[in-house]
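Biologist: Hi, I'm new to this one. Could you walk me through it?

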Amino acid sequence: MDPVFIKLWQAIISGLSIGSIYALIAQGYYITFITTATLNFGQGEFLMIGALVGLTCYVSLGVPFPIALAIAVVVTGLMGIMLERVAIRPVIRHVLSYSWVLSTVAISIILKNLAVNLWGPEQMKFPSPFGDQVLKIGSAGIFPQELFIIVCAVGTVLLVQLFLRKSLLGKALMAVANNRNAAAVVGIDVKRMVMLAFMLSSALAGLGGILIAPVTFGWAYMGTVPGIKAFAAAIIGGLENPIGILIGGLMIGLMEQLFGVINSSLKEGVIFLFILIMLAFRPTGLMGRRAIDKV
Amino acid sequence: MLSRRRLFALVAIALAAVLASPNRSLAAELKLGAAFSLSGGTEDYGRAALMGLQLAVKEYNAKGGYRGQPIQVVVYDDETKPQKGVENVTRLITRDKVFGIIGPIASGVGLAIIDIAQKNEMPLIDTVATAEPIIGRYAAAPKSYIFRVSLNDGIQSSFIVDYIKQKGLKRVGLMHDSTGWGQSGRDSAQRLFKEAGLTFAAGPEVFDQNDTDMTAQLTKMQDAKVDFIISYSLAPAAVQIVKSMQKIGLKVPWASTWALVAPNFLKLGGKETAEGAMAVTSYTPDHSEKAKKLHATLNQDFKDQGGDFFPVATAQTYDGVRLMLRALDKVGPDPKKIRDALEEIDDFHEAVTKMKPKPFSKENHEALGRDAGFLAVWRNGEIFSAN
């Protein structure tokens, strides 16, 4: 088989795996943005907490993996509620206030510091519950964990969308996103929906963390870069379009690996250059709605 | 009202009491200082070095110490932070008044503290940090107070190249991380290859030290049909390199500097990942009879600390401390005299590393040179000499 094709195919498979994590975290940005017009800039650190809590449960305490995963997701979900209470609600009282940027960044720094003190600054091994045998998809190799990541992350994104559109609770959340006051008028408890939004958003990040930890090592500083790349994914996908965000996340993952084939030292810069160029042509992202303010 | 005589008597008694109390003992306390990183990234190296230090001092004191007096050790943790290292060394020199200092562990800390030691004329033996300027900076000074018992970065690369020449490997790939250390490693590898009249079949390929997927870089090596890879990668990146090699089905021997001898390579990757990886080292627990003995002693005496979990760092420190104590025996606890004595030692036959009986001289403060290192290989979770 043509060596160029083999290289590309391997890059595509690897890229889809990491890209689906970005998509998962980006969904979190989307949910809080549509409901409160805020973003949790500590999303990456919630990924890290999910990973390390999961690591402690699975590796140190010997808890079976599905339960460790559940615990990690629940813990980060609860922390999301705490985040909303402490860093968002007191700050968005004023319509034009952007202090939530600082308060979520502050939370991220606090979490990083806490993690270093609890788990140490070094990388820790997270053995994959699916083992280390390389699977072959055509000529590309992939670890079972990476396949699981793709399936789980994309599946979760679709499930969340199903929840938001079809379930009563989900629709209530979307109502708040659409028009807060109108939702309150029809009897939706806005405060509770906002709490739910943050819980969901953080739980998604926590899930991403425990999914990715066997691939990347568990590590106090593991969340920073994925948090930023997922944010980029959310923006280029169009912050208010969930399918766009999914595509955005996968795209960034793919670009990372494909540029890496050409020149590994420039790939980060090239990705973000591409993002800049794309935003110059489509400021609201690939699939974002063009904001038209009627005056 | 005290009579003058009574007053004098009282003052004399008080003075005698003060002079006789242990804090004011006229026999100066013998203190050896250690500026180690015991937390923050390089702690494995630090903890292992501390073990070597403790064993050497324990044995020295058991044989009577210095003229019957045991020496004490003062250890400060710099948390792998250069600024803290500077504070610690200053404290060791001015407050604790040590006769010598062992350390540092981290090269970043080293480059900061050697200036303090040199300025204050305090002999310092570095038993871990490998950056070349640590010795290089004061090598031309009339009296350099900085010594090293560790293979510096430049020398480490040469052992890998020696192995390649010896085995007649023709198609070698080069990869390195994007840090300053990785880049300088690439430079030294390229320089050594040029001197040997060799060229690389693939690379230099770059990766970020936190990258999790090197399949792109390794596929290029695979296309070039390499039969050996040189990599400047720390343990986490090294584990990812092996995993990426597994993904694309690339099975070639590969080597790195002593970063791969560190225990966290085994911890992060597990036995199967480490299997067959080669690293430069000055010491393996099996490379000589003395080494085997040391290994057994450490596993026994320091069982509760994990035994000999990082042999090379412990062994280099064990040798370095004993050199300092040998100098102490010769000239007493005078830092300036100890510095001179270190350069003159020519009968140190008990080294566990491959240093010569005369490790230092006026021109050379690197105890481990081109003949003191070799490649080691991981087999089943342990390190052995590669032949």
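**A sheet, a helix and a contact**

Modeller: Happy to! Let's begin in chain B, where strand 3 (residues 100–102) and strand 4 (residues 124–126) run parallel and are joined by two bridges. This is a predicted model, in which local features need pLDDT of at least 70, side-chain atom pairs count only at pLDDT 80 or more, and totals for chains, interfaces and linings use all residues. Residues are numbered from 1 along each chain as its sequence is written, while chains are lettered from A and ligands numbered from 1 in the order in which they are written.

Biologist: Which residue is the bridge partner of Ile102(B) in strand 4 of chain B?

Modeller: That is Ile125(B). Two strands pair if DSSP finds at least two bridges between them. Strands here are DSSP runs (E, at least two residues) and helices are runs of H or I, at least four residues, both numbered from the N terminus.

Biologist: What is the strand order in the open sheet of chain B?

Modeller: The five strands go 2-1-3-4-5, with parallel pairing.

Biologist: And which strands stand at the edges?

Modeller: Strand 2 (72–77) and strand 5 (146–148) of chain B. Each has a single partner strand, so one side of each is left without a neighbour in the sheet. On average, neighbouring strands of this sheet are turned by 25° against each other, direction ignored.

Biologist: Which helix packs on the sheet?

Modeller: Helix 3 (residues 82–94) of chain B, touching strand 1 (31–36), strand 2 and strand 3 of chain B. Its direction makes about 175° with that of strand 1 of chain B; axes are lines fitted to C-alpha atoms, for helices over the stretch in contact, and angles run from 0 to 180 degrees between N-to-C directions. Contact means C-beta atoms, placed from the backbone, within 7 Å.

Biologist: New topic: is helix 8 of chain B mostly covered or uncovered?

Modeller: Mostly covered: seven of the nine residues in helix 8 (215–223) are buried, among them Leu218(B) and Met221(B). Buried means 20 or more other C-beta atoms within 10 Å of a residue's own, with C-beta atoms placed from the backbone. After this helix comes Lys225(B), with a positive phi near 55°.

Definitions and conventions:
A residue is buried if 20 or more other C-beta atoms lie within 10 Å of its own, exposed if 12 or fewer, and partly exposed in between; C-beta atoms are placed from the backbone. Two residues are in contact if their C-beta atoms, placed from the backbone, lie within 7 Å.
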